Amino acid sequence: MKNLKDLIETIQDVPSWKDVVSELKEVDTLLTEISKTNNKLSKSALESIANNAFRAAGQYGGSAADYLSGIQEASLAGFKNVEGIAELSMAAQNAGNITAELANQILSAANQAYRLNGSVSELAKVLDGMNYISGQNTLSMAELAKGMAALGSTAASLGVGADEAAAALGTMIAVTRQSGSEAANALKEILLNIRQVADGEEGISAKGIARYEAACSALNVKLKETKYGVLSLRDPMDVLKDLAAAYNSLNESDPRRSGLISAVGSSSSGEQLDALLSQWDTYETMVRQYADGTGSMAAEAELTVDSWEGSLNRLSNTWTSTVGNFANSDAIVSAVNNLNSLLTVINNVTENLGSFGTIGLSGLGIGITAFVKNFA
């Protein structure tokens with residue numbers, strides 16, 4: 001900071017007493033709900049969760065209430081390591097600039113789809129991979145997360161890995177500039193056709209499946225193969241790789257290209273399939289980026305926390321946590337009166353800075369220091 005005026009302006013960004021009380025009420029409400037969800041939690045365990053909430057909030061530049069909401073959602077979703085999951089949620093929110101709701105949604109979806117058994121390290125790989133893909137390709141993490149949440153269970157059941165699903169969705173979103181949900185619906189339709197799964201809700205019929213297989217055969221790409229004397233369906237991403245090679249070798253006016261695109265079903269899915277096949281190199285690059293993404297969320301969180309905004313958020317959380325030290329209620333009552341008086345002085349002084357310059361600011365700084373020492 002250049003001078004004491006900057007200090008005063010920074011202090012003004014710290015929540016007022018009313019804001020602090022409001023957040024503490026929200027924290028208390030969430031702790032109550034968490035205790036209802038898990039009645040085995042002791043009072044000391046709840047206090048530990050509350051303390052960790054302010055620590056995690058400071059670490060990831062969020063709020064204690066966001067962390068506790070993550071705890072609550074993780075509990076309702078059946079996770080065992082709820083605090084680890086809550087921190088992952090905050091890391092995703094921070095790095096990807098996504099909402100708490102979306103972060104919790106993708107965590108739950110990925111865990112269920114790929115049977116990760118609530119493993120924090122495995123879920124971190126999924127989020128890190130998605131985050132790195134989005135960062136390296138100027139791609140919206142929010143749209144990629146929406147797509148993964150919508151597609152996850154279908155992709156996993158059809159033999160598509162989380163890295164392959166994220167890369168395919170990322171390619172389609174980046175090329176078409178459509179939403180993550182639209183890309184997910186299209187990729188679902190494409191995969192169901194390749195795996196020859198009829199689905200009335202998705203508009204996949206036996207007749208449509210036969211038409212798609214014929215379109216693939218016209219490109220000399222087979223959907224089935226014989227292994228150990230048994231005819232079985234091929235890996236869907238291997239099929240798409242072969243289709244990409246054949247598709248891109250043809251002239252754009254070749255009817256076999258348009259035949260494949262129209263056979264997949266809706267025009268939207270056709271556009272997305274064209275994007276994926278045409279930019280198969282981008283897909284393969286994104287698969288590699290997914291693998292290289294380990295630790296990317298933590299690195300971005302560190303950058304954010306060290307920023308001006310992150311520092312203010314950390315200061316805000318420390319301030320709220322200190323005020324919320326309910327081990328000594330008498331001290332809080334006394335602090336209320338002192339804090340209100342201090343904020344009144346700060347407001348009066350900063351309103352008159354234009355007229356009085358820096359007169360009296362050094363004295364106010366001494367007063368602030370004394371207040372903090374007394375409050376501690």
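1. Helices here are DSSP runs of H or I, at least four residues long, numbered from the N terminus. With that in hand, take Asn38. Asn38 sits in the loop between α2 (17-37) and α3 (43-60). The model is predicted.

2. Now look along the chain. Ser75 is 37 residues from Asn38 in sequence, yet the two C-alpha atoms are 7.9 Å apart in space.

3. Next, the charged pairs. Side chains of opposite charge can pair when their charged atoms come close. How many salt bridges does a search of the whole structure find? The search finds six. Three of them follow, including the pair Glu122 and Lys125.

4. Glu122 and Lys125 form a salt bridge, with 3.2 Å between the closest N and O atoms. Both belong to helix α7 (residues 120-136). They are three residues apart, so about one helical turn separates them. Glu122 is partly exposed at 31% relative accessible area. Lys125 is also partly exposed, with a value of 46%.

5. Arg234 pairs with Asp242 in another salt bridge. Their closest N and O atoms lie 2.6 Å apart. Arg234 counts as buried, because its relative accessibility is 13% and the cut-off is under 20%. Asp242 counts as partly exposed, at 32%.

6. Asp254 forms a salt bridge with Arg256. Here the closest N and O atoms are 3.0 Å apart. Asp254 is buried, with a relative accessible area of 16%, whereas Arg256 is partly exposed at 35%.

Definitions and conventions: Residues are numbered from 1 along each chain as its sequence is written. This is a predicted model: local features need pLDDT of at least 70, side-chain atom pairs count only at pLDDT 80 or more; totals for chains, interfaces and linings use all residues. Side-chain values use heavy atoms; hydrogens and water are left out. Helices (H or I, at least four residues) and strands (E, at least two) are DSSP runs, numbered from the N terminus. A salt bridge is a side-chain nitrogen of Lys or Arg within 4 Å of a carboxyl oxygen of Asp or Glu. Buried means under 20% relative accessible area, exposed over 50%, partly exposed in between (1.4 Å probe, protein chains only).
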